[in-house]
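Open the model in your viewer and keep the selection tool ready. The tour goes from the whole chain to single residues.

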Amino acid sequence: MAEALRGALLPWFDASQRDLPWRRTKDAYAVWVSEVMLQQTQVDRVIGYWDAFLERFPTVRALAKAELADVLARWSGLGYYSRARNLHRAAQEIVARHGGTLPKDVAALRTLPGFGRYTAGAVASIAFDLEAPLVDGNVARVFSRVLAIEGAPGDKAREATLWTAAETLVRGPRPGDLNQSLMELGATVCLPRAPSCLLCPAQKLCRALAQGRVGELPWPKKAARKKRLELAVAVSHQDGAVVLARRQEGGLFGGLWEMPAAAIGPNPGDAALETLLGERAAIGPELLVMERTLTHRQLVLHLHPVDLPRRLPPVQEPYVEWRWVTLAETRQLGMASAMTAALELAVPRLLAAAAPPSRRPIPARRHATGAAPRAPRR
């Protein structure tokens, strides 16, 4: 089976692969950045980010020397910000321990922050032509159908079977292309819904197709119930500037900038904000409510207008700093997309609410004939 599948996949990949910018290089750093960005993110979104990121941080050393805030700003909008933090930490370790060059060894790669089994296998095989296996969602779907592998995602026996299949298949010439062909097949042909089986190079080998079970495999993943998180958010605006706060590292939105926010518990949102901002903060009634669906949470933002003094009170947890920032400067800071959207919605509404009502000019009265009114008699 392995040789037959290799023989079907590699020629198909040569003829059908998408022209993606990271496939035009063997630079291990560039490959690494692309693989990290592609986790949990669509290819079309990654292309622009990958180009801009490498332009700003063209080498491992450039990334290692950068401030984390700058790295997060270049990542802003991609989500899953722990990926950016791990990239930064790993770059610093690569400089300190490996002279600024990614090690050509799977075991050494696995010791770096953010290098799980998949990332190490991708970099090792694609950049260094090592026979290193990988399994992601696309590869798991291909194997589940071609080899008729049973079991729910996350099941230990199923995962072991998938990785054994990947280890067997990657042995031989062009291991990087072989791994990419599996991922490409899952991304473009062996789709979760309505797969294009007639176009699949592995159709004659596919056990699920032969058994009429393509729609059953892989087993569906059990949807986890999302935790609801409600935050009261302070919208404070003066003279074209807003108050933004940078969170501590780790956790939700770790290291990112946002409008100051406090979790709503037993007390209402204005009370939570007063605890965070102090008694000098004048907190207005709720301006608007926004909802965002994150990976593991249902995020609800209750935005309140807040008057704060130009000299801000001492910073409170979970923040490490807060300051007045012009609206133009906010675009240069690392902000989660949910908070960026909240800022873009809230500030115009706040300004509209504060503006005095417009007065329409009263036109001069005219007679029915259209003639101008006569001057008053003395």
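How many helices and strands does the secondary structure of the chain come to? Colour by secondary structure to see 14 helices and 9 strands; helices (H or I, at least four residues) and strands (E, at least two) are DSSP runs, numbered from the N terminus. The model is predicted, so local features need pLDDT of at least 70 and side-chain atom pairs count only at pLDDT 80 or more, while totals for chains, interfaces and linings use all residues. Residues are numbered from 1 along each chain as its sequence is written, and side-chain values use heavy atoms, with hydrogens and water left out.

**The whole chain**

Zoom out. The C-alpha atoms fill a box of roughly 110 × 60 × 45 Å along the principal axes. The chain has a radius of gyration of 28 Å, whereas a compact globule of 378 residues would have one near 21 Å (taken over C-alpha atoms; the globule rule is 2.2 Å times the number of residues to the power 0.38). Buried residues make up 46% of the 378 residues; buried means under 20% relative accessible area, exposed over 50%, and partly exposed in between (1.4 Å probe, protein chains only).

**The cores**

Select Tyr29, Trp32, Phe53, Leu102 and Leu303. These residues have the most contacts inside the largest nonpolar core, which has 115 residues. A nonpolar core is a set of buried Ala, Val, Leu, Ile, Met, Phe, Trp, Tyr and Cys residues joined through side-chain atoms within 4.5 Å. A second, separate core of 5 residues includes Ala148, Cys206, Val214 and Leu217. In soluble globular proteins, nonpolar side chains tend to be buried together.

Now centre on Trp32. Leaving aside neighbours within four places in sequence, Trp32 is in contact (heavy atoms within 4.5 Å) with residues including Leu87, Ile94, Leu102 and Phe115.

**Salt bridges**

The whole structure has 17 salt bridges, each a side-chain nitrogen of Lys or Arg within 4 Å of a carboxyl oxygen of Asp or Glu. Select Asp70 and Arg56, whose closest N and O atoms are 2.5 Å apart in a salt bridge. This pair links distant parts of the chain, with Asp70 in helix H5 (residues 68-75) and Arg56 in helix H3 (residues 43-56). Asp70 counts as buried at 18% relative accessibility, and Arg56 as partly exposed at 34%.

Arg74 and Asp70 are 4 residues apart in helix H5, so about one helical turn separates them.

Next, select Arg117 and Glu167, a salt bridge with its closest N and O atoms 2.9 Å apart. Arg117 is in helix H8 (residues 117-128) and Glu167 in helix H10 (residues 156-170), 50 residues apart. Finally, Asp14, Arg174 and Asp177 are linked in a network of salt bridges.

**Backbone stops**

Which bond joins Leu217 and Pro218? It is a cis peptide bond, with omega about -5°. Pro218 lies in the loop between helix H12 (207-210) and strand S1 (227-235). The peptide bond from Glu317 to Pro318 is also cis, with omega near 10°, and Pro318 lies in the loop between strands S8 (297-307) and S9 (319-326).

Last, select Ala194, in the loop between helix H11 (175-188) and H12. Phi of Ala194 is near 50°, a positive value in a residue other than glycine. Ala194 is exposed, with a relative accessible area of 64%.
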